[in-house]
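Here's a quick briefing to keep next to the viewer. It covers the fold, the core and the ligand shell.

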Amino acid sequence: MIPILDLKQEYLELKSEIDAAVERVLSSGGFVGGPEVAALESELAAYLKVPHVVTCGSGTDALFIALRAMGIGPGDEVITTPFTFIATLEAILHAGARPVLVDIDPQHYNLNPARLEAALTPRTRAILPVHLYGQVAPMQEILAFAQRHGLQVLEDAAQAIGARYCASGCQHLGEQAQQGSVPIGDRLSVGRPCNCPQPLAGTLGDAGAFSLYPTKNLGAYGDGGFIATQSESIAEESRLLAAHGSRVRYHHVRAAGYTSRLDALQAAILRVKLPYLETWNARRRQIAQMYHQGLRDRVQVPCEMPYALHIYHQYTVRHPERDRLAAYLKNQGIGSSVHYPVPAHLQPAYRDLAPEGALPAAEAAAREVLSLPMHPFLQEAQVEAVIQAVRSYA
Ligand SMILES: Cc1ncc(COP(=O)(O)O)c(C=O)c1O
């Protein structure tokens, strides 16, 4: 069996370092917050090149705490995409605001900036783009629109830690940038850590929300998340909200705060993993290139946009007989997964957001996308086996 993800293998690769970190925390007697969490926040801030990182209990918490810290609340509207994990919408509802959905661009599956204008109302306060599968949304257009209309931008970077945004094309993507969007291919620089000076996903808007869920490119061994921001006030407010609205213990300056904390064990484990992230992301891109070369004549492969350095949280292809292809692969011992089978507005709980047919690009994508095995420890023989299995699907 070739699973879509293999977290056990990752642990075995890092066992001695992880075990030492766990032992360090267990023998310290400090389990929530403390020096490990503070050190992780500094290291993440240095990696992302932002002044503030605030850790919290999950990516979902990071989203709604950031929204609240940005002053979003009841009566406000937040524009987002229907083609995402449901947490994006939950966060808007938890903040007391209303999600307003705009369709995706079928080329890259992210929010289509051309649709923003039609979604704007006097109550619109923010845009919440999602960097789906590890590719940054078209942020230049989104940020320009937000600026024109006085809106804030919170990035859902849950799937995109380490992804870059290169507005005018960066060195990695020089040729691609000049030629317009092309599927990932030979020109992509792969197999070595990325030193691209361009900004990272989650640092372009007012704030970025990240998930540290185990399956993410940087995953804890439990739940976790964080907010990255250039804004001191958003960081300060997020810190307050995540800790019961209190700066000084038993003194509460915000009502309805939360218990949303990262524990020291997770922080210590993440500190072991963070230095590997760039190499792991580069390996994902190398695997993506192999898939691309082996599959582009059989399925619709991901399209890497000229402004994006994709980090392939998922390698997601598209096929009109998606369910039959998935069943065929399963029979061949190959795991796959659908991200996501039902767009938000067609979920029973979210039917009031838009009628069926209103967001056709998202609806069509939900019927056809299929994610193939993708993690940095995939062997070439395994990648080749996946390619052969997809190719042999009649
Ligand atoms: C796009 C997106 N947003 C938000 C989340 C929520 O993150 P978490 O599971 O850490 O709460 C996820 C996690 O799966 C996600 O993929």
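Buried residues make up 49% of the 394 in the protein chain, where buried takes 20 or more other C-beta atoms (placed from the backbone) within 10 Å of a residue's own. Keep in mind that this is a predicted model: local features need pLDDT of at least 70, side-chain atom pairs count only at pLDDT 80 or more, and totals for chains, interfaces and linings use all residues. Numbering starts from 1 along each chain as its sequence is written.

**Overall fold**
- The protein chain has 13 helices and 15 strands, which are DSSP runs numbered from the N terminus (helices H or I, at least four residues; strands E, at least two).
- Its C-alpha trace spans about 65 × 55 × 40 Å along the principal axes.
- Of the contacts (C-beta atoms, placed from the backbone, within 7 Å) between residues at least 6 apart in sequence, 76% join residues at least 24 apart.

**Core**
- The largest nonpolar core has 114 residues, and A66, L67, A209, F226 and I227 touch the most other members; such a core is a set of buried Ala, Val, Leu, Ile, Met, Phe, Trp, Tyr and Cys residues joined through C-beta atoms within 7 Å.
- α3 gives the most to this core, with seven residues.
- Leaving aside neighbours within four places in sequence, I227 contacts V54, C56, A62, I65, A66, A207, A209 and S238.

**Ligand shell**
- Around the ligand sit 15 residues, the closest being S58, G59, T60, A158 and S211; the cut-off is a C-beta atom, placed from the backbone, within 6 Å.
- α3 (59-69) and α4 (87-94) are the elements giving two or more residues to this shell.

Methods:
A residue is buried if 20 or more other C-beta atoms lie within 10 Å of its own, exposed if 12 or fewer, and partly exposed in between; C-beta atoms are placed from the backbone. Two residues are in contact if their C-beta atoms, placed from the backbone, lie within 7 Å.
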